[in-house]
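Subject: Structure handover and notes

Dear colleague,

I am passing the structure below on to you, together with an account of what was found in it. Please read the notes with the coordinates open beside them.

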Amino acid sequence: MKYLITTFALVIGLMAPTVTLAQTTQPAPAPTLFDVNANAPLSARKVYVETNLRDLLTQLSDIRFRVQTASNRLAQNGINVNASNTSLNLAHAALLTAQTNLDIFAQTPIDESPATVATLRARAKAAEDSLKTARASLIESIATLKLTLSSQ
């Protein structure tokens, strides 16, 4: 019996994953949208924020297009997708608002005055809020489509 327990413990010990010190270190957290050096020039910060917001806008627009395509296919097959289309329309409106805010953000001239900084910050925040609204509407639309399909 002692031999069996020792053998079992040895096998379990050999099968257990080994962890080295390099594996236990945590990776650096990913930068957030507004994580940019505060000492960087305003133009560099503006480009950084605009690039990230435009990337998010592109990703969400692509997702909206794919969900719209799926919704159209389901509608062609006789499935009621009106609730999903309502959410998609809200997402589309939010994406257009974000696009408008980003265009205004990009056209704002750069100077170091507090008024310009406040305007840029407000436009970036408005675009970010619109993108959050679009994301929530897309999630709602997808959930509605899933619910519709599961009830079929």
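The crossing of α3 and α4 is left-handed, and in this predicted model the axes of the two helices come within 10 Å and cross at roughly 160°. Because angles over 145 degrees count as roughly antiparallel, α3 is roughly antiparallel to α4. On the side of α3 the contact is made by K46, V49, E50, L53, R54, L57, L60, S61, R64, V67, Q68 and S71, and on the side of α4 by N85, L88, A91, H92, L95, A98, Q99, L102, D103, F105 and A106. Sorted by class, the contact of α3 with α4 holds twelve nonpolar, six polar and five charged residues.

The pairing of α4 with α5 can be described in the same terms. Their axes come within 8 Å and cross at roughly 165°, so that α4 and α5 are roughly antiparallel to each other, and α4 passes α5 in a left-handed crossing. The contact of α4 with α5 has 18 nonpolar, nine polar and two charged residues.

That leaves α3 with α5, where the axes come within 10 Å and cross at roughly 20°. Because angles under 35 degrees count as roughly parallel, α3 is roughly parallel to α5. The crossing of α3 and α5 is left-handed, and the residues of their contact divide into 19 nonpolar, one polar and four charged.

For the chain as a whole, the secondary structure comes to five helices and zero strands, and the order of the elements from the N terminus on is α-α-α-α-α. Of the 152 residues in the protein chain, buried ones make up 26%. Among the contacts in the chain with a separation of 6 or more, 73% are between residues 24 or more positions apart.

Which residues touch the most other members of the largest nonpolar core? In this core of 23 residues they are L53, L57, L60, L95 and L131, and the elements that give two or more residues to the core are α3 (42–76), α4 (82–107) and α5 (114–150). In soluble globular proteins, nonpolar side chains tend to be buried together.

Is A91 buried or exposed? With 0% relative accessibility, A91 counts as buried, because buried means under 20% relative accessible area. Leaving aside its neighbours within four places in sequence, A91 is in contact with R64, A134, S137 and L138. A91 and I139 are 48 residues apart in sequence, while the distance between them in space is 9.5 Å, C-alpha to C-alpha.

The contact between A91 and S137 can also be followed from the other end, since S137 lies in helix α5 and is buried, with a relative accessible area of 7%. Apart from its neighbours within four places in sequence, S137 is in contact with S87, L90 and A91.

Helix α5 also holds S130, which is buried, with a relative accessible area of 10%. When residues up to four places away in sequence are not counted, S130 touches A94, T97, A98 and N101.

A further residue of helix α5 is T148, whose relative accessible area of 17% makes T148 buried as well, because the cut-off for that term is under 20%. What does T148 touch, not counting residues up to four places away in sequence? The residues in question are I79 and N80. T148 and V81 are 67 residues apart in sequence and 7.6 Å apart in space, again C-alpha to C-alpha.

With kind regards

Technical notes
Residues are numbered from 1 along each chain as its sequence is written. This is a predicted model: local features need pLDDT of at least 70, side-chain atom pairs count only at pLDDT 80 or more; totals for chains, interfaces and linings use all residues. Side-chain values use heavy atoms; hydrogens and water are left out. A nonpolar core is a set of buried Ala, Val, Leu, Ile, Met, Phe, Trp, Tyr and Cys residues joined through side-chain atoms within 4.5 Å. Buried means under 20% relative accessible area, exposed over 50%, partly exposed in between (1.4 Å probe, protein chains only). Helices (H or I, at least four residues) and strands (E, at least two) are DSSP runs, numbered from the N terminus. Contact means heavy atoms within 4.5 Å. Axes are lines fitted to C-alpha atoms, for helices over the stretch in contact, and angles run from 0 to 180 degrees between N-to-C directions. Angles under 35 degrees count as roughly parallel, over 145 as roughly antiparallel, 65 to 115 as roughly perpendicular and the rest as oblique. A crossing is left-handed if the near helix is turned anticlockwise from the far one by less than a right angle, and right-handed if clockwise. Ala, Val, Leu, Ile, Met, Phe, Trp, Tyr, Cys and Pro count as nonpolar, Asp, Glu, Lys and Arg as charged, and the others, Gly among them, as polar.
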